[in-house]
Amino acid sequence: MAQFIDALSKLASESGFVSFFTGSWQNLVMIVVACVLLWLGIKKGFEPLLMVPIAFGMLLANLPGANLAVHYHNIPEFIQLIKGELIVDGVKLEAGLLDWLYLGVKAGIYPPLIFLGIGAMTDFSPLIARPSSFILGAAAQLGIFGAFLMAMFLGFDPQAAGSIGIIGGADGPTAILTTSILKPELLGPIAVAAYSYMALVPIIQPPIMKLLTTKKERAVVMETLRPVSKKEKILFPIMVTIVVSLVLPSAGVLVGCLMLGNLLKESGVTERLSKMAQNELCNIVTIMLGLSVGATTNGQTFLTGNTLKIVLLGLIAFGVGTAGGVLFGKLMYVVTKGKVNPLIGSAGVSAVPMAARVSQKVGQQENPSNFLLMHAMGPNVSGVIGSAVAAGVLLAMIPH
């Protein structure tokens, strides 16, 4: 009987519940945060395809005693881990499922594969029909570099500042790839901030759009876009890949995968590959990416003052990016003598297609017969390319 009681006592003392009262309060807080994010993803539909896996990975990483969090941030540490030589807080760790999955993040495998799927789902016709949309997509990346400079001013090192700035592109895979290269220790807060703000596009953008435009500008009805030929659709991804890769080789992997996915879609001869990239491949990689990123959000490393700064700077980056697109839209409104609705500039952030839908919604509030969606899709898909190019600029500028 005594042995049975001792066994129960040992089981109770080694349970995760005990850890909550012996210094692991951060893990308890993160479990609550994970549940809130799961609620937002499932109940409110906030970027559920990645919010749910990331939140569940966060949940797993903060279960005391389970040792499911990802503790390594570079390849040498991973080699130590698989050899059983990595010791964290006096505990000898062994590689598990989430550690192996995280290797796909650290090696830069998952984000390009997701871009492949995004390319296969994207129609670049609005951008081809109105090439000036490239300007709006580029203008919306001002938030990235504005936040980068602000982060440097606040004392972050260049690697951290670059990782924070990329949140302003509103492109989760790009933010994850950039951070995994420049500052992998910040991957958790960067990813959570990036996807949270992407999900909050319908809340964050409209006040900025209305503040920077007049009622007359918001009511502008734009001319119908010209038809785009199949030849143009096929040549576009090929030419973009060549030009971007030659000008900025560091952006080649993201832009190249994006354009390959689009070429599979538009060529008309690889329908099976296109469907696979859009569905099976993208879905599998999304689960792996979300779980492994969420598993980096251990409470002891996540709940810091820097995390709060990152979240605030990310919001500023997103706001500046939206404002940059709208202001350049106003410039195009003046140059074209009122033919361009400035609202489409806000879609230059690459939250596809949500940002374009917000442009449509705000425009229809002023003019119910106005249909801006296809016009806004030009800057929107341009923003996807723009965020990848901006990431390439940061990776080329910042030593890593």
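Is Arg-218 buried or exposed? I looked this up before anything else, keeping in mind that the model is predicted. Arg-218 has a relative accessible area of 10%, and buried means under 20%, so Arg-218 counts as buried.

**Entry: the partners of Arg-218**

I next looked for a charged partner. Arg-218 forms a salt bridge with Glu-366, and their closest N and O atoms are 3.0 Å apart. I noted that this pair links distant parts of the chain, with Arg-218 in helix 15 and Glu-366 in helix 21, 148 residues apart. Glu-366 is partly exposed, at 21% relative accessibility. I also found Lys-215 here: together with Arg-218 and Glu-366, it belongs to a network of salt bridges.

**Entry: other salt bridges**

How many salt bridges are there? I have the count down as seven.

One of them joins the side chains of Glu-217 and Lys-330, at 2.8 Å from N to O. This pair, too, links distant parts of the chain: Glu-217 sits in helix 15 (residues 215-218) and Lys-330 in helix 20, 113 residues apart. I checked the cover on Glu-217 and found it buried, with a relative accessible area of 8%.

I then turned to Glu-271 and Lys-275, whose side chains meet in a salt bridge of 3.1 Å, N to O. Both are in helix 18 (residues 271-294), and because they are four residues apart there, about one helical turn separates them. Glu-271 counts as exposed, at 51% relative accessibility. Lys-275 has a relative accessible area of 46%, so it is partly exposed.

**Entry: a nonpolar patch on the surface**

Which residues form the nonpolar patch on the surface? I listed Ile-135, Leu-142, Met-150, Ile-316, Val-320, Leu-327, Phe-328, Leu-331 and Val-335, with about 750 Å² of accessible area together. Two elements give two or more residues to the patch, helix 10 (142-153) and helix 20 (305-335). Helix 20 gives the most, with six residues.

Met-150 lies in helix 10 and is partly exposed, with a relative accessible area of 35%.

**Entry: another methionine**

Met-259 has its place in helix 17 (residues 252-266). Is Met-259 buried or exposed? Met-259 is buried, with a relative accessible area of 2%.

**Entry: a pair of helices**

A reminder to myself: two packed helices are described by the angle between their axes and the distance between the axes. I looked up both values for helix 5 (residues 75-82) and helix 6 (residues 97-106). Their axes come within 12 Å and cross at roughly 165°. Angles over 145 degrees count as roughly antiparallel, and therefore helix 5 and helix 6 are roughly antiparallel to each other.

Which peptide bond is cis? I found the one from Val-352 to Pro-353, with omega near -10°. Pro-353 is placed in the loop between helix 20 and helix 21 (354-366).

Two positive phi values also went into my notes. Glu-47 has a positive phi of about 40°, although it is not a glycine. Its place is in the loop between helix 3 (25-42) and helix 4 (48-61). Glu-47 is partly exposed, with a relative accessible area of 21%.

Ala-170 is not a glycine either, and its phi is positive at about 55°. I found Ala-170 in the loop between helix 11 (158-165) and helix 12 (172-182). Is Ala-170 buried or exposed? Its relative accessibility is 1%, so Ala-170 counts as buried.

Notes
Residues are numbered from 1 along each chain as its sequence is written. This is a predicted model: local features need pLDDT of at least 70, side-chain atom pairs count only at pLDDT 80 or more; totals for chains, interfaces and linings use all residues. Side-chain values use heavy atoms; hydrogens and water are left out. Patches are made of residues with over 30% relative accessible area and no salt bridge: like charges are joined within 9 Å, nonpolar side chains (Val, Leu, Ile, Met, Phe, Trp, Tyr) within 5 Å. Accessible areas come from the Shrake-Rupley method with a 1.4 Å probe; for residues, only the protein chains shown count as cover. A salt bridge is a side-chain nitrogen of Lys or Arg within 4 Å of a carboxyl oxygen of Asp or Glu. Buried means under 20% relative accessible area, exposed over 50%, partly exposed in between (1.4 Å probe, protein chains only). Axes are lines fitted to C-alpha atoms, for helices over the stretch in contact, and angles run from 0 to 180 degrees between N-to-C directions. Angles under 35 degrees count as roughly parallel, over 145 as roughly antiparallel, 65 to 115 as roughly perpendicular and the rest as oblique.
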